[in-house]
Amino acid sequence: MPSDLATLYITSSKDVADYLRTHNEAVCISLLSLDELSKFPDYKYFIMDGESNLGHLEKIYCHLMDLPFSIGSFDNFLIREEKADDLEAIYRLYSDSDSMRFLEPLPAIDSFDHKDRYKSVKDGYMLYEYGMWVIESTLSHEIIGRVGFEYVDESTVSIGYVIDRNERKKGYAKKACLSALKYLKDVCPELSVVAKCHKDNIASLKLLKDLNIPTQIF
């Protein structure tokens, strides 16, 4: 029977899975082999029987229930996946003069379908195990930054971050980058990390040097 608690159900039975989904429960399919995929055409998340998935199951639950998975937390802020209504706050981070000077501009906010973008971002978190996350204040619950990784090639990602101009010089950038790097090492240890930085962005150049990240200066 469905539970009142936050529960991820894992089953190899389509009848059980279909029943649980009619009750809006989070369902993950357990497969004995990839040949069974065809039996579950309407399901998105699978695990192979016998494999260790403990670190992945919480993320699957969050994605099925449309909750932002958190990758790290501190006294003053947490780092989490985007939510559907975060977009305007993210755009505000890029609107001050320093951000506009040092970061690549975002496309006009009215130039794309917001629902399609959110779906792409959410799917990317699960497909690649990483992405660009938001930094949320635990006091005001406002978005005060962004940190994460972008795809470069099959073996390399590029780290990036931005902090709200009113929250800079508080050590948030270094803590957020260290937390993101630790997460990536845990889930994708095979990936190398690089960075790109504007030659006049002295604070970021210093941080990237402290983090020992190979940096392309432009």
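Two strands pair if DSSP finds at least two bridges between them. The exercises below apply this to a predicted model.

**Exercise 1. How many bridges join strand 8 to strand 9, and do they run parallel or antiparallel?**

Step 1. Count the bridges: three join strand 8 to strand 9.
Step 2. Compare with the cut-off: pairing needs at least two bridges. With three bridges, strand 8 and strand 9 pair.
Step 3. Read the direction: the two strands run parallel.
Step 4. Find a facing pair: Thr 156 stands opposite Ser 192 in strand 9.
Step 5. Follow the chain. It leaves strand 8, passes through helix 6 and reaches strand 9, and this β-α-β crossover is right-handed.

**Exercise 2. Describe how strand 7 and strand 8 are joined.**

Step 1. Eight bridges link strand 7 to strand 8, and the strands run antiparallel.
Step 2. Strand 7 and strand 8 form a hairpin, with two residues between them.
Step 3. Check burial. Six of the eight residues of strand 8 are buried, so strand 8 is largely enclosed by the rest of the structure.

**Exercise 3. In what order do the seven strands of the open sheet stand?**

Step 1. The order is 4-5-6-7-8-9-10, and the pairing is mixed.
Step 2. Find the edges: strand 4 (70-73) and strand 10 (215-217) each pair on one side only.
Step 3. The twist of this sheet averages 25 degrees from one strand to the next.
Step 4. Three bridges join strand 9 to strand 10, running parallel. Here Cys 197 stands opposite Ile 217 in strand 10.

**Exercise 4. Describe the open sheet of three strands and the helix that packs on it.**

Step 1. The strand order is 1-2-3, with parallel pairing.
Step 2. Strand 1 (8-11) and strand 3 (46-48) are the edge strands, each pairing on one side only.
Step 3. From one strand to the next, the twist averages 30 degrees.
Step 4. Helix 1 (residues 14-22) packs on this sheet and touches strand 1 and strand 2. The direction of helix 1 makes about 170 degrees with that of strand 2.
Step 5. Four bridges join strand 1 to strand 2 (residues 26-31). Ile 10 has Cys 28 as its bridge partner in strand 2, and Thr 11 stands opposite Ile 29.
Step 6. The chain goes from strand 1 through helix 1 to strand 2 in a right-handed β-α-β crossover.
Step 7. On the other pairing, three bridges join strand 2 to strand 3. Leu 31 stands opposite Met 48 in strand 3.

**Exercise 5. Why is strand 2 described as largely enclosed?**

Step 1. Count: six of the six residues of strand 2 are buried, so the rest of the structure largely encloses it.
Step 2. Ala 26, Cys 28 and Ser 30 are buried on one side. Val 27, Ile 29 and Leu 31 are buried on the other.

**Exercise 6. Is Glu 36 buried or exposed?**

Step 1. Locate Glu 36: it lies in the loop between strand 2 and strand 3.
Step 2. Apply the cut-off: buried means under 20% relative accessible area. Glu 36 has 17% relative accessibility, so it counts as buried.
Step 3. List contacts. Leaving out residues up to four places away in sequence, Glu 36 touches Ser 30 and Leu 31.

**Exercise 7. Which element supplies the largest share of the largest nonpolar core?**

Step 1. The core has 33 residues; Trp 133, Phe 149 and Ile 159 touch the most other members.
Step 2. Elements that each supply at least two residues include strand 7 (143-153), strand 8 (156-163) and helix 7 (202-210).
Step 3. Helix 6 gives the largest share, eight residues.
Step 4. Take Phe 149. Among the residues it touches are Trp 133, Ile 159, Leu 181 and Val 193.
Step 5. A second, separate core has nine residues, including Leu 8, Ile 47, Leu 57 and Met 126.

**Exercise 8. Why does the span of helix 6 agree with expectation?**

Step 1. Helix 6 (residues 172-187) has 16 residues; at 1.5 Å a residue, it should span 22 Å.
Step 2. The end C-alpha atoms of helix 6 are 23 Å apart, which agrees.
Step 3. Buried residues of helix 6 include Tyr 172, Ala 176, Ala 180 and Leu 184.

Technical notes
Residues numbered from 1 in each chain as written. Predicted model: local features only at pLDDT ≥ 70, side-chain atom pairs only at ≥ 80, totals over all residues. Heavy atoms only, no water. Axes fitted to C-alpha atoms, helices over the stretch in contact; angles between N-to-C directions. Contact = heavy atoms within 4.5 Å. Expected span 1.5 Å × (residues − 1). Buried < 20%, exposed > 50% of the residue type's maximum accessible area, 1.4 Å probe, protein only. Right-handed = clockwise from strand over helix to strand, strands pointing away. Core = buried A, V, L, I, M, F, W, Y, C linked by side-chain atoms within 4.5 Å.
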